[in-house]
Amino acid sequence: MNKLVEQKFNKYPEHIRPLMEELRSLIFKIAKQTTGVGELEETLKWGEPAYLTSKTKSGTTVRIDWKPKHPEQIGLYVSCQSTLVGTWRTMFRDVLQFEGNRAIILPTDKPFPVSPLSVCIKMALRYHLEK
C-alpha cells in the first residue's frame, strides 16, 4: 500500500477501515482480472485514496473515501465529466445509490453489492478504451 494511502486508512474509524480495505481490494482484483487495465497506481487525490491506470491510460481515476460529515456511507468517485454515473444509474438503479454524476454511495451497514459494483469498477478502469 502506498505510504500516504496507508496513513489515510489508519485515520479511518475502526469500523470503517475494514470496509475501505475491502473496497480497495475489490478495485485491485478487478484491475488484475480486466484486459487492458494493467498495474494500478495508488495515491491520494483531493485527500482521498485514488486508483489510476497511469501506465495504460485505459480508464478514469477511481477514488474512494469515508467522510465524517456522512458517517453512514462510503463513496466510490469518478470524474463528474465522465458519462459513467449516468450509465450506471441506468443499469443499476434498483441496486446502487448515486450522488449526482460523480459517485456511487455505499451504506456502511450493509454488505457491498459486489457483482454490480465490480461491473462499475471495470467500466471505470476501461473508460478510455470503451469511448
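In which strand is the place of R63? R63 sits in strand β3, which covers residues 62–66, where strands are DSSP runs of E with at least two residues, helices are runs of H or I with at least four residues, and both are numbered from the N terminus.

Before I go on, a word on the basis: this is a predicted model, in which local features need pLDDT of at least 70 and side-chain atom pairs count only at pLDDT 80 or more, while totals for chains, interfaces and linings use all residues. Residues are numbered from 1 along each chain as its sequence is written, and side-chain values use heavy atoms, with hydrogens and water left out.

Let me take the overall fold next. The chain has five helices and six strands, and read along the sequence they follow the pattern α-α-β-β-β-β-α-β-β-α-α. The radius of gyration is 14 Å, close to the 14 Å that the globule rule gives for 131 residues, so the chain is as compact as a globular protein of that length; the radius is taken over C-alpha atoms, and the rule is 2.2 Å times the number of residues to the power 0.38. Along its principal axes, the C-alpha trace spans about 40 × 35 × 25 Å.

Of the 131 residues, 46% count as buried, meaning under 20% relative accessible area, with exposed being over 50% and partly exposed in between, for a 1.4 Å probe and protein chains only. Among contacts between residues at least 6 apart in sequence, 53% join residues at least 24 apart, a contact being heavy atoms within 4.5 Å.

Back to R63, then. R63 is buried, with a relative accessible area of 10%, and its side chain makes a polar contact with the side chain of E48 at 2.6 Å. A polar contact here is a pair of N or O atoms within 3.5 Å, where within protein one must be able to donate a hydrogen and the other to accept it, and where residues adjacent in sequence count only if both atoms are side-chain atoms. Leaving aside neighbours within four places in sequence, R63 is in contact with residues including W46, P49, Y77 and R102.

I30 counts as buried at 7% relative accessibility, and leaving aside neighbours within four places in sequence, I30 is in contact with S118, I121, K122 and L125. With K122, the separation is 92 residues in sequence, yet 6.3 Å in space, C-alpha to C-alpha.
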